[in-house]
Amino acid sequence: MENNIVIKVSDLEKIYDETAVPVHALRGVDLEIRRGEFTAIVGPSGSGKTTLLNIIGGLDRPTAGKVEVDGNDIANLSDNQLIDFRKKHIGFVFQSYNLIPVLTAKENVEFVMLLQKRSKAERDSRTRELMEAVGLADRMQNRPSELSGGQQQRVAVARALAPKPAFILADEPTANLDSKSTANLLDMMARLNKEENITFVFSTHDQRVIDRARRVVTLEDGKVLSDHSRE
Amino acid sequence: MHNLVKLAGRNIWRNKRRTFITSASILFAVFFSIAVTSIQKGTWDHMVDSIVHYHFGYAQIHKAGYWEDKTIDNAFDAARPLEISEGFAEVRQLVPRIESFALASYGTRTKAAMVVGIDPEKERTLTRIDTRIGTGSYFAQRDDDGAILAAGLAEYLKLNVGDTLVMISQGYHGINAAGKFPVRGIVHFGSPELNKQLLYITLEKAKWFYGTEGLITTLIVDTDAPDAIQKTVANLRQELNPEEYEVMDYKEMMPELIQAREVDTAGSYIILIVLYVIIAFGIFGTILMMLKEREYEFGLLKAIGMRTGQLNLMVWLETILLGFIGSIAGMLVALPLVYYFHINPIRLSGQMAEAYEKFGVEPLLPAAVDPSLFISQAIVIFGMITVLSFYPMLKIGALKPVSAMRS
Ligand SMILES: Nc1ncnc2c1ncn2[C@@H]1O[C@H](COP(=O)(O)OP(=O)(O)OP(=O)(O)O)[C@@H](O)[C@H]1O
Ligand SMILES: [Mg+2]
């Protein structure tokens with residue numbers, strides 16, 4: 001089932017060399033993620049989680065190694081091609097401030113579809129469907145500042161899902177949430193994963209979040225230390 | 001695009017205070033520039049207009065060489081120009097004159113006078129000389145045999161309405177010219193040059209006096225389209241053989257006046273440029289603050305799929321919107337004021353007024369209400385903002401989501 005692999009990185013190296021002392025953040029990472037997985041990337045602070053997710057997401061470029069996303073080698077794309085690639089294939093959820101402050105929740109979810117010039121009918125139905133899926137159908141018209149942190153993260157998940165990406169990348173999506181909101185967000189992500197077969201890759205420090213993952217990849221010092229799946 | 005306009009609009013609304021301060025500065029610049037340029041244009045238009053109306057007209061046709069050598073021997077037959085002027089829709093009429101010199105005397109006093117032979121009816125519509133008669137009256141008929149004198153000349157000669165003036169001169173091709181002219185009226189000229197030497201007789205009498213055999217020295221082009229006079233002059237030149245005729249517009253006849261206007265206008269342009277540079281720095285400061293504050297947001301937008309070009313367009317739209325709000329507000333404030341001073345010109349008094357009158361100009365400062373003054377402001381603001389947007393465009397082009405979002 002080769003075509004079920006949505007992310008494949010091999011021999012990934014990342015050296016940050018703009019600093020006085022170059023930092024070797026990734027030292028030969030190999031990883032494959034398949035469609036429908038619910039994977040947590042864990043590891044101590046500075047182990048390279050963010051660096052890895054940024055490279056997979058096409059936000060940063062590796063020093064060496066290969067990154068294939070949805071069957072495409074993204075190494076040689078130009079900046080604007082990368083932007084288009086991200087728009088089409090990858091949904092991002094960041095730690096916080098995911099939303100455009102001047103747009104309502106609905107408009108935020110719709111935003112990428114607008115950039116893709118989808119029809120109004122399609123945008124409206126997809127936005128409603130997603131806002132229902134994240135349990136915020138009644139908050140469509142609220143601005144981000146009128147939503148709680150947990151609600152904002154849920155809208156961010158809806159926004160990330162809108163263009164039907166190959167997978168969702170989330171770097172510590174619960175880091176700024178209390179335990180109740182964390183549980184809520186994870187319930188929702190787990191449900192989307194189960195019911196709609198949506199692939200999630202997220203990094204976290206939080207043991208409660210780790211406990212919910214079906215696959216846990218542990219990084220240490222820029223290398224994969226362990227990789228466990230459980231069913 | 002619609003999407004980006006909406007986003008830009010909300011973004012400038014987000015920081016109301018900054019939007020207010022920035023647009024207020026633009027409002028001030030636009031208002032000030034419109035006020036200054038409008039009064040200036042209005043005043044100069046008025047000045048040129050008065051001189052042109054008092055005497056010269058917007059353009060003249062002469063025999064080739066007359067302007068350099070204003071002798072009666074350079075008189076010419078008006079038939080051909082009159083004929084071709086029929087083909088010019090904007091040319092209301094060609095007003096004929098004979099302009100030359102004569103010795104004017106009364107009693108024991110004698111003075112050199114500038115004699116202008118006019119067609120009473122046509123001159124009435126051109127210079128409205130009849131409305132400016134101080135004492136006495138205008139020519140009653142086409143071949144009236146009287147004279148109308150400038151006040152200064154009449155005073156020098158100690159002449160009054162009803163007295164008879166004697167003139168001698170050299171006529172066409174050297175014939176003797178002599179005649180008696182009862183004074184019909186006295187007219188005051190603001191310009192001292194004209195006031196001390198000008199003297200009108202009728203064209204018919206001038207032909208007789210100078211023996212020009214029906215020839216004249218000057219044809220004034222009376223036009224409906226003073227702003228397009230250069231074009232009319234160029235077209236007239238096409239039609240009239242330059243070996244025989246010269247066609248001159250008022251700028252060519254009064255180069256000193258035009259130069260004075262240019263110097264004055266350039267002076268206030270410099271002030272306006274300084275003002276705009278100050279405003280531009282203000283807007284630039286706003287742009288810098290905006291870039292700094294929204295670095296994270298721009299990084300996020302790039303991360304989720306907004307192209308650099310779209311981001312640039314959004315930022316440009318935001319600044320253009322600011323400029324638009326400021327300019328419209330500035331115009332709305334300026335318009336009634338300018339219009340008021342257009343209808344009720346500022347009337348100068350004292351020395352300023354005297355200085356004006358020296359040039360034969362009513363001491364008024366009317367404001368011009370010319371759409372071009374408003375449009376040029378819009379163009380300046382638009383251009384300035386577009387130039388200022390280059391900097392954020394460079395910044396946004398180089399912005400990397402990862403580093404932008406770390407801040
Ligand atoms: N832009 C950068 N320039 C230089 N060094 C960097 C940069 N970004 C990350 N690093 C370094 O690379 C290493 C890996 O960082 P990374 O952010 O990937 O760790 P992390 O696992 O996400 O840590 P945390 O759990 O604290 O978020 C660290 O030593 C970090 O200091
Ligand atoms: Mg991290």
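Predicted model: local features only at pLDDT ≥ 70, side-chain atom pairs only at ≥ 80, totals over all residues.
**Exercise 1.** Work out how chain A and chain B meet, and which elements of chain A give two or more residues to the side that touches chain B.

*Solution.* 
1. Start with the head count: 27 residues of chain A are in contact with 22 residues of chain B.
2. Now the area. The two chains bury about 2200 Å² between them, with 60% of it on carbon and sulfur atoms.
3. Next, look for charge pairs. The count between the chains is four salt bridges. One of them joins the side chains of Lys6(B) and Glu107(A), at 3.4 Å from N to O; that falls within the 4 Å cut-off.
4. On the chain A side, the elements asked for are α2 (79-89) and α3 (105-115). The largest share, six residues, comes from α2(A).
5. By class, that side has 14 nonpolar, five polar and eight charged residues.

**Exercise 2.** Why is the site of ligand 1 shared between chains?

*Solution.* 
1. List the neighbours. There are 15 residues around ligand 1, and Ser45(A), Gly46(A), Lys49(A), Thr50(A) and Thr51(A) come nearest.
2. Check polar atoms from chain A. A side-chain N or O atom of Thr50(A) is 2.6 Å from an oxygen atom of the ligand, and a polar side-chain atom of Glu172(A) lies 3.4 Å from a ligand oxygen.
3. Then try chain B: a side-chain N or O atom of Arg406(B) is 3.0 Å from a nitrogen atom of ligand 1.
4. So the site is shared because residues from chains A and B surround ligand 1.
5. To finish, the protein covers 72% of the 630 Å² of accessible area that ligand 1 has on its own.

Notes. Residues numbered from 1 in each chain as written. Chains lettered and ligands numbered in written order. Heavy atoms only, no water. Contact = heavy atoms within 4.5 Å. Buried area = accessible area lost by both parts, 1.4 Å probe. Helix = DSSP H or I, 4+ residues; strand = E, 2+ residues; numbered from the N terminus. Nonpolar A, V, L, I, M, F, W, Y, C, P; charged D, E, K, R; others polar. Near = heavy atom within 4 Å. Polar contact = N/O pair within 3.5 Å; in protein donor to acceptor, adjacent residues only side chain to side chain. Areas by Shrake-Rupley, 256 points an atom, 1.4 Å probe, with all protein chains shown as cover.
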